[in-house]
Amino acid sequence: MRDKLVKYFEDSHKKPTLLIDLMNMLIRHTAVNLHKINGAGNCIGGAEGTIQELLALIRKFRPKSVFVVQDAGHLRKSILLSNYKKNRKLQLKCKASEEIL
């Protein structure tokens with residue numbers, strides 16, 4: 001029994017911890033998957049791509065722990081820094097075509 005416990009703890013230290021920036025991943029996948037639309041006409045490419053990438057990373061690295069984090073977001077940064085992304089124009093438009101629906 002002792003040998004099994006020692007092996008378990010030795011192996012657990014070899015496995016990485018996976019840290020995921022949720023908003024970064026979601027925005028990237030939304031931007032490249034605007035064509036993925038569900039029956040209600042909503043863009044689902046961001047969520048679908050994020051889940052697929054997260055699962056792929058877990059399969060690739062076999063981490064002992066996975067932490068998915070999201071920062072405080074644009075609003076808090078805008079309050080603290082008045083010029084935060086002031087001149088940035090980001091437009092993501094998702095239009096459902098009749099072919100997809």
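Lysine 15 is partly exposed, at a relative accessible area of 43%. Here buried means under 20% relative accessible area, exposed over 50%, and partly exposed in between (1.4 Å probe, protein chains only). Lysine 15 sits in the loop between α1 (2–14) and β1. Its contacts include Arg62 and Lys64, leaving out residues up to four places away in sequence; a contact means heavy atoms within 4.5 Å.

## Model and confidence

This is a predicted model: local features need pLDDT of at least 70, side-chain atom pairs count only at pLDDT 80 or more, and totals for chains, interfaces and linings use all residues. Residues are numbered from 1 along each chain as its sequence is written, and side-chain values use heavy atoms, with hydrogens and water left out.

The mean pLDDT (the predictor's confidence in each residue, from 0 to 100) is 78. Of the residues, 64% reach 70 or more. Over residues 97–101, pLDDT stays under 50. The model has seven contacts beyond four places in sequence for that stretch.

## Overall build

The protein has four helices and two strands. From the N terminus, the order is α-β-α-α-β-α. These elements are DSSP runs, numbered from the N terminus: helices are H or I with at least four residues, strands are E with at least two.

Buried residues make up 13% of the 101 residues. Among contacts with a separation of 6 or more, 68% join residues 24 or more positions apart. The protein exposes about 8,500 Å², and carbon and sulfur atoms supply 57% of that area. Accessible areas come from the Shrake-Rupley method with a 1.4 Å probe; for residues, only the protein chains shown count as cover.

## The strand pair

Strands β1 (residues 17–21) and β2 (residues 65–69) pair in the parallel sense over five bridges. Pairing requires at least two DSSP bridges between the strands. Leucine 19 has phenylalanine 67 of β2 as its bridge partner.

In a regular strand the side chains alternate between the two faces of the sheet. Along β1, Leu18 and Ile20 point to one face and are buried.

Leu19, Phe67 and Val69 form a nonpolar surface patch, with about 300 Å² of accessible area together. Patch residues have over 30% relative accessible area and no salt bridge; like charges are joined within 9 Å, nonpolar side chains (Val, Leu, Ile, Met, Phe, Trp, Tyr) within 5 Å. Valine 69, in strand β2, is partly exposed at 40%.

Threonine 50 lies in helix α3. Its relative accessible area is 7%, so it is buried. Threonine 50 touches Leu22, Met25, Leu26 and His29, not counting residues up to four places away.

Asparagine 33 is in the loop between α2 (22–32) and α3 (45–61). At 13% relative accessibility, asparagine 33 is buried too. Gly45 and Gly49 touch asparagine 33, with residues up to four places away not counted.

## Salt bridges

There are two salt bridges, each a side-chain nitrogen of Lys or Arg within 4 Å of a carboxyl oxygen of Asp or Glu. Glutamate 53 and arginine 28 meet at 3.3 Å, N to O. Glutamate 53 lies in α3 and arginine 28 in α2, so the pair ties together parts 25 residues apart in sequence.

Glutamate 48 pairs with lysine 36, with the closest N and O atoms 2.8 Å apart. Glutamate 48 is in helix α3 and lysine 36 in the loop between α2 and α3, 12 residues apart.
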